[in-house]
Amino acid sequence: MLLAIDVGNTNAKFALFRGAELLARWRIATDDRRTADEYMVWLDQLMRIEGHDRADVEAVIISTVVPRALHNLQLLAVKYFGVDALVAGREPVTWGIALKVDEPQSVGADRAVNAISAQAVEPGKDKLVISFGTATTLDHIGADGAYLGGIIAPGVNLSLEALVAAAAKLPRIAIEAPATSSVIGRTTESQMLIGVYWGYVSMMEGLIARMKAEIGKPLTVIATGGLATLFQEQAHLFDRIEPDLTLNGLMHLYNQWKTMI
């Protein structure tokens, strides 16, 4: 089995694959101080609950946008799985796609992995990949799989946290779809929810429209991240939702590398 690990700024996701089959997935809050031993105590219990044995893990691949978290994850692979972890984007597991931007070295690992995964699900088409995380990113992936640039915007939860932190009397609210389509709230909470939800929908609609106009060709819009389904419920912004886009991208990257060795 392959253990794929994707570390974002907010959460780290772990998944087991057998070939191209996703067997299980788990999530933990990102903490760059967490040790290899702590990871293993948590992960071993979850693997056992779902009937998997860590002795069956033959390889580990890691993608991270939190550099300080990498060492302990590499130690996890060596100490508890007996393998050297592969790091996405580093030798010997280079991307295998063109990064056609001015500073290719600055492209986040998650965005490159998403491009690989998007190409696997929609080959031969231009794609717009929208990822909802700590930041919301919109990326143009060419028909040949090349990464062609994109947009970085504040994430939904980040925007809401900034609002609450800066305004002493505003309460914390959960992100959810408003109860009605009205954009005139009658309470503080409903006004905040309308502002966050429909304000974000409007931003997405505007950015998608602008990117489509600039690119000038049909685009398949692929969304990933926990909030994608929430926005799709009422706004129908996306052509398809791929919850495991990044993890599947790591699987594809590993399988491509394996065929070359």
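Guide: Helices (H or I, at least four residues) and strands (E, at least two) are DSSP runs, numbered from the N terminus. Here helix α6 covers residues 228-235, and H236, which follows α6, has a positive phi, near 50 degrees. The model is predicted, and local features need pLDDT of at least 70, side-chain atom pairs count only at pLDDT 80 or more, and totals for chains, interfaces and linings use all residues. Residues are numbered from 1 along each chain as its sequence is written, while side-chain values use heavy atoms, with hydrogens and water left out.

Visitor: Which residues of helix α6 are buried, and what do they pack against?

Guide: Buried means under 20% relative accessible area, with exposed over 50% and partly exposed in between (1.4 Å probe, protein chains only). In α6 the buried residues are A228, L230, F231, Q232 and A235. Contact means heavy atoms within 4.5 Å, and the buried residues of α6 pack against the strands β6 (127-132), β9 (220-224) and β10 (240-241), as well as the helices α4 (156-166) and α5 (188-215).

Visitor: What is the order of the strands in the open sheet of five strands?

Guide: Two strands pair if DSSP finds at least two bridges between them. In this open sheet the order is β3-β2-β1-β4-β5, and the pairing is mixed. Strands β3 (21-29) and β5 (86-87) are the edges, each pairing on one side only.

Visitor: How many bridges join β1 to β4?

Guide: Strands β1 (residues 2-7) and β4 (residues 59-64) run parallel and are joined by six bridges; for L2, the bridge partner in β4 is A59.
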